[in-house]
Amino acid sequence: MFRPKIPTMPQPTGSATPPAVVEPITITPGVPAPPPAFVAPAPTRPAVRPTPGSTLALVGGGTAVVLVVGAVLVSVLLAVAVTAASVAVCAVVIRSALTRR
């Protein structure tokens with residue numbers, strides 16, 4: 001029961017075939033491609049300038065995200081504190097019940 005069992009290596013089931021012989025291929029040069037035609041560069045786009053409305057929306061969205069994340073973290077902390085307090089009360093009650101004998 002306590003002796004380790006070492007797995008045995010399975011035997012191959014099929015006949016092994018030798019690898020196929022690869023013969024080298026000669027490459028013949030083709031007709032050279034013509035040089036590419038000149039392409040005019042695309043016009044550059046101007047820098048994006050935020051409008052006062054979009055800036056206000058970004059600030060409002062960021063503030064909402066911070067408030068929501070903060071509320072979630074505070075509620076988790078409150079849940080941990082309530083759980084710890086209830087466990088402490090249970091420990092005091094059990095301890096007092098055991099020492100009254």
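Author: Begin with the elements: helices (H or I, at least four residues) and strands (E, at least two) are DSSP runs, numbered from the N terminus. M9 lies in the segment before α1. Residues are numbered from 1 along each chain as its sequence is written, and side-chain values use heavy atoms, with hydrogens and water left out. This is a predicted model, in which local features need pLDDT of at least 70 and side-chain atom pairs count only at pLDDT 80 or more, while totals for chains, interfaces and linings use all residues.

Reader: How many helices and strands does the protein chain have?

Author: The protein chain has 1 helix and 0 strands. Its radius of gyration (taken over C-alpha atoms) is 38 Å, well over the 13 Å that the globule rule (2.2 Å times the number of residues to the power 0.38) gives for 101 residues, so the chain is more spread out than a compact globule. Along the principal axes, the C-alpha atoms fill a box of roughly 100 × 75 × 15 Å.

Reader: Is M9 buried or exposed?

Author: Buried means under 20% relative accessible area, exposed over 50%, and partly exposed in between (1.4 Å probe, protein chains only). M9 is exposed, at 71%. Of the 101 residues of the protein chain, 0% count as buried.

Reader: How far apart in space are M9 and S54?

Author: They are 68 Å apart, C-alpha to C-alpha, and 45 residues apart in sequence.

Reader: Where is V68?

Author: V68 is in helix α1, which covers residues 52-99, and is exposed, with a relative accessible area of 53%. V82 also lies in helix α1 and is exposed, at 51%. The C-alpha atoms of V82 and V68 are separated by 21 Å, with the two residues 14 apart along the chain.
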